[in-house]
Amino acid sequence: MDSIKGVKEPVESDVESFFSKAPPLKDCDKLFEKLKGFIDRVVRSSENGKPVRVVCVTSGGTTVPLEQRCVRYIDNFSSGNRGAASTEYFVKAGYAVIFLYRWGSCQPYCRYLPQDSFLDFFEIAEDSTIKVSESHDVVVKRSISEYRKAVEGGMLLKLPFTTIFEYLQILQMVALSMDCLKSLGMFYLAAAVSDFYVPWENMAKHKIQSAEGPLDMRLTQVPKMLSVMRKDWAPAAFCISFKLETDPDILLQKADTAMRKYGMHVVVANELATYKSEVTVVTRCGKTKVCSRAKDHDLEMELVDILVEQHSDYIKKFESGIK
């Protein structure tokens, strides 16, 4: 959007500057073809019957490299469990899911498998063949079955990222590709995105040497992409962002501000100390608390149910021309 004198607004200008100076995305063409093929299949299947909704679930935390040939980086806290669990429930609800995740973070259909060692899954039989251990047999079979059904049924596409540069470039690519879906598209932005970064041109090219003494480094604020995504990349999509705070006294106020400032339809507010057991769904119509009722109950199941219902209402209003 251009301002009165033809000078671009600061937010848009900062976003363009970020992308123009970011290191090129590896295998960009292959990534785009994979993404395009996935969305095209969804559109074709929608034409043959009930429209298929698509949600982009972002999950895990971004890293901020300190060197171009990276040895050190600043990380963001996030296990990716919420994004992984939510992906499973979105698939069950009939959504095709683009799972944009941090390498090494929690994966859909893998949440109940042992985390300590991959070797714990298996045991050696008397005939020296390798089989899944009896203690994990049911869980492993269920996980593999559900995962294969989602992938082979064209309902799950996984796209990995590591750095803040990769994440935002892929998110832009996904959003622009999903724009054709209009109100059938949803963004569930659960990834922990870095607020500050080192511009690529300001980074040391090689490993920073400790012999040079104390490190004095200036971090730049990452441009806020949410408003640009809402206005330009996928303006008709239903958008959900997350707000995490350590101070409960400011959490809901910050969530409400984020919703209005960036044009989000929903903000899911969670406090660091209790994020696994409760969240608050903030909309323009009010606030709804969602709690985990038991240890074996996924909070994400109820959360996704609420969001699917709200997305349905949004689609009806969009199709009837109500904003």
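Are F18 and F19 buried or exposed? In this predicted model, both F18 and F19 are buried. A pair of aromatic rings is described by the distance of the centres and the angle of the planes. A search of the whole structure finds 16 aromatic pairs, and one of them is formed by F18 and F19, whose ring centres lie 5.6 Å apart with the planes at 85°, so that this pair is classed as edge-to-face. Ring pairs also link F18 and F19 with F165, Y197, W200 and W233 into a cluster.

A further pair is formed by Y314 and F318, whose ring centres are 6.2 Å apart and whose planes meet at 35°, so the arrangement is tilted. Both residues belong to helix α8 (residues 299-319), in which they are 4 residues apart, about one turn of the helix. Y314 counts as buried because its relative accessibility is 15%, whereas F318, at 35% relative accessibility, counts as partly exposed. An aromatic ring also takes part in a contact with a charge, in that the charged end of K158 sits over the ring of Y101, 5.5 Å from the centre of that ring.

Among the strands, β13 (residues 278-283) is mostly covered, with 5 of its 6 residues buried. Strand β12 (residues 266-271) runs antiparallel to β13 and is joined to it by 3 bridges; A269 has T280 of β13 as its bridge partner, and the two strands form a hairpin with 6 residues between them. Strand β14 (residues 286-291) likewise runs antiparallel to β13, to which it is joined by 6 bridges, with E278 standing opposite C291 of β14. A hairpin through 2 residues joins β13 to β14.

Definitions and conventions: Residues numbered from 1 in each chain as written. Predicted model: local features only at pLDDT ≥ 70, side-chain atom pairs only at ≥ 80, totals over all residues. Heavy atoms only, no water. Phe/Tyr/Trp six-rings, centres within 6.5 Å; stacked < 30°, edge-to-face > 60°. Buried < 20%, exposed > 50% of the residue type's maximum accessible area, 1.4 Å probe, protein only. Lys NZ or Arg CZ within 6 Å of the ring centre and 35° of its normal. Pairing = 2+ DSSP bridges.
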